[in-house]
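Open your viewer and get ready to click along. At each stop you will be told what to select and what to look for.

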Amino acid sequence: MARTSSVLRIGNASGFYGDRFAAVREMLTGGPLDVLTGDYLAELTMLILARDRLRDPSLGYARTFLRQMEECLGLARERGVRIVVNAGGLNPAGLAEQLRVLAQRLGVPTAVAHVEGDDLLPRREELGLPERALAANAYLGGFGIAECLARGADVVVAGRVTDAALVAGPAIAHFGWTAADLDALAGAVVAGHVLECGAQATGGNYAFFGEHDVDHPGFPLAELHPDGSSVITKHPGTGGAVTIGTVTAQLLYETGGPHYLGPDVTARLDTVRLTEDGPDRVRIDGVRGEAPPPTLKVGCNSLGGHRNEVVFVLTGLDIEAKAALVQRQFAAALPPEGRPAELRWTLARTDHPDAPTEEAASALLRLTARDRDPAKVGRELGKAAVELGLAGYPGFHLTAPPGPGAPYGVFSAAYADAKLVEHTAVLPDGRRIAVPPAPVTGQPADVHEELPDPLPPGTTRRAPLGMLLGARSGDKGGDANLGVWARTEDAWRWLAHTLTVEKLRELLPETAESPVARHLLPNLRAVNFTLAGLLGEGVAAQHRFDPQAKALGEWLRSRHVDIPEVLL
């Protein structure tokens, strides 16, 4: 691939399956772009697509993207913008063919290519993947996308590539990088990680949202340079904001320690430098890259069984006693042979004393039942709850009549030797190009973490952590990620010494049983936590009230601690 020194402008128009439909048009009309990307996949999405494919083998892709292209494919071709998406899901070839049919019907000549090889379900036994898996997909890198673009594709459809590969692939094609250009690749991966969740980089879900106009944030774009550095920005006149804070928040999202592992490169997040480059412009540079690991992560989605939920409303006085009565009566009402394998009770004390409305005087007692046998979480479970109606606590009622129960999914991560995965670029003319794995691999070395100097002693004031610190949290399978950052050097010094694993457990008691790892990222003035197993078997299993840990960071920010007055 020929090397070029020109800047590459890559925009994003989707952070998940269901994101703002109009974003594709907004990005194509809002300003100049070379490439438009869209991330449609998540762990839960893969399960949804797997169930689609079970009903109809021709499905398994994000159908929303087809409707977006019906509206905007002609506009993209007219403006010379190439499109790279992972909307292919479990069936990239099927979506690519549908796009060709659409392009022909619209009269818009379009060269469509796709990337495949991530689907390992047919090799489940050979690779030792879960027996009950409905989907098993390796996370591929960006070199297959690059092959498609370098050989003339206008649209590239991928399945389960890494989210960052949607940006790294076009950069590889444009700049002519090879697998040896580790620092440049790492820079593109970091830029891709910032872009992948759409408006989260431009003020969406931002801890300090009150400081910016975030009613209708624009989507982000990256200006990539030949050395892998980039500037994160957005189209002029769009809402939201691009600041060091919004970019930091996204960099911490769903990451762990300083090593950000990928199939093409391991990016060192502890080397990332962020600097302001003007209004709504943040420069990312200094990113170092290391050899990727020899294995690829494989996301496995399986049917875990069936679940049901009944929510009892407890109002007024004696909330705890009412909850205890429900649980005793319900246990007695269930026949022993029909008892589900798992019954979980959760009492949410949403009630207020002397409340001015009935809803404000009420608490919610949630019963969650799970079992492999759908009958055990179906009619008999609902019947046992309803029959308590006139024999239970005073004020007995439910938020809704019990339903029949529904299947739930389980996500697990496995790993496969990259050499066993047949990463393939399928060109617009049907030719198939094998994409080799990284020629040099390695395991990440330990990183020595050094604490900054502590703040000198001084007077403190009891206040919410969020008055000083930002946070963003999310899920990776059954693990939760929680990133916390400071906006000044002194606040960072206090954060690094104060928010230990022990302090986190004290502030968030629900984490008491979870193994917790803490990592320092001094360049970002951040501490990143991984809470293993907090989310059980992943979002589809609905293990806890906030199954994707989206609000875990906001809960932490609401907790009160003694903060040095000099920082407030």
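Start with strand E15 (342–348), which gives the most to the lining of the second largest pocket, with 5 residues. Here a strand is a DSSP run of E, at least two residues long, and a helix is a run of H or I of at least four, both numbered from the N terminus. A pocket is an open set of points on a 1 Å grid over the protein atoms alone, where a 1.4 Å probe fits and protein lies on both sides within 12 Å along at least five of seven lines; lining residues have an atom within 4 Å of a point.

This is a predicted model: local features need pLDDT of at least 70 and side-chain atom pairs count only at pLDDT 80 or more, while totals for chains, interfaces and linings use all residues. Residues are numbered from 1 along each chain as its sequence is written, and side-chain values use heavy atoms, leaving out hydrogens and water.

Next, select Thr346, Glu510, Arg544, Phe545 and Asp546: of the 20 lining residues, these are the closest to the pocket's centre. The pocket's volume is about 540 Å³, meaning the space filled by probe spheres set on the points, which are joined across faces, edges and corners.

From Asp546, step to Ala551, which is in contact (heavy atoms within 4.5 Å) with Asp546 and Ser473, leaving aside neighbours within four places in sequence. Ala551 is found in the loop between E25 and helix H14 (552–558).

Now select the open sheet, where 4 strands stand in the order E22-E23-E25-E24 with antiparallel pairing; two strands pair if DSSP finds at least two bridges between them. At the edges are E22 (470–476) and E24 (516–521), each pairing on one side only. E24 is joined to E25 (residues 526–531) by 6 bridges; find His519 and its bridge partner in E25, Asn528.

Then click Val272 and look for its contacts, including Val190, Leu251 and Ile284.
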